[in-house]
Amino acid sequence: MIKDIDFSKYSSIRVGPVAKVLMIDSFTYPDDHYLIGAANNLLIGPEHPPLMRLSKTFDYIKIIDNRLHIGAATPGGKVVSFCKKNNIANFEFVAHLPGTLGGMLQMNAGLKTYEIFNHLHSIRFREGYRLREKVSYGYRKTSIDEIAFEGVFHLEEGFDPTKIEMFKAMRSNQPHDPSAGSFFKNPPDDAAGRLIQEVGLKGYRIGGMAFSEVHANFMVNLEGGTFDDAITLMKLAQTRVYEAFGIWLENEVAVIDKRFMNDKNPSHPPKT
């Protein structure tokens, strides 16, 4: 099934075209399509590749043989509600993560040391289940380069509601304007937000997009921001920080446009 999605309304940063998206409802999918998930950490441009998304078929939570099976299209809020109702521990932090489980698995999402991989047992891919130990992962990154259909987790009792407030406090310095989350990865032993602020770009606006006054590493859509506004602002930050500190900021937000997808995470300025 093909579905028309308006990314200026669907994506968390409220930027993008109306595009045709292939809905995946089985373990078969085309390899030339890009998986969008809930579009919480994506910036989709007009020259995007073919897109696909998991259907509601993969929105489920089941307890099987004392393990928690969660479909990759399941929203984080639904996971937390299920765990609260069934007194299941270790998922309280998911209440403050945007998107669906698939995206969380893809980037090992988390808050501080609380990460989705901490209590993961295995992941269901097209060819079958793969144990966590067979997947390379680190801080906000994994080696996953295919669709994850399901996460299987170790089951422990003891939902802790006090952690919900603790994680909420961790998010208190983040803006409420539409954004795609942290735009750049933190360089080793430094913070992208600090570097952006140091070069005078905190609150800086181009068109409808700006680096937030609340947190400089959040690019926010203040009013009718466009893909070109966002890209211009992104390049400006990378250039200024590199000129001032010799550090090239790597994107944490995925830019989904054929002009920017050859090198997903350059660690240096692109050659001219």
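Predicted model: local features only at pLDDT ≥ 70, side-chain atom pairs only at ≥ 80, totals over all residues.
View 1. The search of the whole structure returns twelve aromatic pairs, and among them is the one formed by F117 and Y137, with 4.5 Å from centre to centre and 35 degrees between the planes, a geometry classed as tilted. The pair links distant parts of the chain, since F117 belongs to the loop between β9 (114-115) and β10 (120-125) whereas Y137 belongs to strand β12 (residues 137-138), 20 residues apart.

**View 2. The ring pair of F183 and F184.** The ring centres of F183 and F184 are 5.0 Å apart and the ring planes meet at 70 degrees, so this pair is edge-to-face, the class that applies to planes over 60 degrees apart. F183 counts as buried because its relative accessibility is 0%, and F184 counts as buried because its relative accessibility is 1%.

View 3. Ring pairs connect F27, Y29, F58 and F149 into a cluster. Over the face of F27 lies R124, at 3.8 Å from the ring centre, and over the face of Y29 lies R126, at 4.1 Å from the ring centre. R124 also stands opposite Y129 in β11.

**View 4. The open sheet of five strands.** The strands follow the order β6-β7-β14-β10-β11 in an open sheet with antiparallel pairing. Its edge strands are β6 and β11 (128-131), each of which pairs on one side only. On average, and with direction ignored, neighbouring strands of this sheet are turned by 25 degrees against each other. Between β10 and β11, which run antiparallel, there are four bridges.

**View 5. Helix α2 across two strands.** Helix α2 lies across β6 and β7 and runs at about 45 degrees to β6. Which residues of helix α2 (residues 76-85) are buried? They are G76, V79, V80 and C83, and because these buried residues fall within an arc of 95 degrees when seen down the axis of α2, they line one face of the helix.

View 6. Just after α2, N87 takes a positive phi of about 55 degrees. N90, found in the loop between α2 and α3 (101-107), has a positive phi of about 85 degrees although it is not a glycine. N90, by contrast, is buried, because its relative accessible area of 16% falls under the limit of 20%.

Technical notes
Residues numbered from 1 in each chain as written. Heavy atoms only, no water. Buried < 20%, exposed > 50% of the residue type's maximum accessible area, 1.4 Å probe, protein only. Arc of directions from axis to C-beta. Phe/Tyr/Trp six-rings, centres within 6.5 Å; stacked < 30°, edge-to-face > 60°. Lys NZ or Arg CZ within 6 Å of the ring centre and 35° of its normal. Pairing = 2+ DSSP bridges. Axes fitted to C-alpha atoms, helices over the stretch in contact; angles between N-to-C directions. Contact = heavy atoms within 4.5 Å.
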